[in-house]
Amino acid sequence: MVDSLIEIEAYLPSGRCETVTASQSGTIADLTKAAQLSLRRPFLRLAAPDGRLLDPTESLRLYGLKDGDSLAAVAQQPKIAATGSAFALWCEGGNRLVTWGNLYNGGDSS
């Protein structure tokens, strides 16, 4: 079975739009990452036309997305926490945690 690609229009509230491509067997996270790269905005979530945020862990097929569909790209605020010598940045939409600083005070997320 050949895995085909899907092209989706990702729109920012400003009206800027980019066509992003992902594998139909991929996840919303794959499509979100493509939108983040194309739109040059690292903290995005994708929203359906009805306004509900799409779950990054779910498959594209679950949402029934097809070529030419449009999704809103919603900017998310990154969240940061700190100790006396370490920092953590939660990158919502990218679903990742980045840490730096003293290993023994929370600076290691390996």
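Which residues have the most contacts inside the largest nonpolar core? In this predicted model, they are Leu31 and Leu65. The core holds 19 residues. Five elements, S1, S2, H1, S3 and S4, each give two or more residues to this core. Helix H1 gives the most, with five residues.

Helix H1 spans residues 28-39 and lies across S1, S2, S3 and S4. Its direction is at about 145° to S2.

The four strands form an open sheet. Their order is S2-S1-S4-S3, and the pairing is mixed. Strand S2 (17-23) and S3 each have a single partner strand, so one side of each is left without a neighbour in the sheet. These two strands stand at the edges. From one strand to the next, the twist averages 40°. Strand S1, residues 5-11, pairs with S4 in the parallel sense. Three bridges join this pair. Alanine 10 stands opposite leucine 71 in S4.

Charged side chains were considered next. The structure holds three salt bridges. One joins glutamate 18 and arginine 16, at 3.5 Å from N to O. Glutamate 18 has 28% relative accessibility, so it counts as partly exposed. Arginine 16 has 27% relative accessibility and therefore also counts as partly exposed.

Another salt bridge links the side chains of aspartate 50 and arginine 52, at 3.0 Å from N to O. Aspartate 50 counts as exposed because its relative accessibility is 58%, the cut-off being over 50%. Arginine 52, at 43%, counts as partly exposed.

Aspartate 69 and lysine 66 form a salt bridge through their side chains, at 3.6 Å from N to O. The side chain of aspartate 69 also has a polar atom 2.9 Å from the backbone nitrogen of lysine 66. Aspartate 69 lies in the loop between strand S3 (44-47) and strand S4 (70-75). Apart from neighbours within four places in sequence, aspartate 69 is in contact with Glu7, Ile8, Glu9 and Gly64.

Conventions: Residues are numbered from 1 along each chain as its sequence is written. This is a predicted model: local features need pLDDT of at least 70, side-chain atom pairs count only at pLDDT 80 or more; totals for chains, interfaces and linings use all residues. Side-chain values use heavy atoms; hydrogens and water are left out. A polar contact is a pair of N or O atoms within 3.5 Å; within protein, one must be able to donate a hydrogen and the other to accept it, and residues adjacent in sequence count only if both atoms are side-chain atoms. Contact means heavy atoms within 4.5 Å. Two strands pair if DSSP finds at least two bridges between them. Axes are lines fitted to C-alpha atoms, for helices over the stretch in contact, and angles run from 0 to 180 degrees between N-to-C directions. A nonpolar core is a set of buried Ala, Val, Leu, Ile, Met, Phe, Trp, Tyr and Cys residues joined through side-chain atoms within 4.5 Å. Buried means under 20% relative accessible area, exposed over 50%, partly exposed in between (1.4 Å probe, protein chains only). A salt bridge is a side-chain nitrogen of Lys or Arg within 4 Å of a carboxyl oxygen of Asp or Glu.
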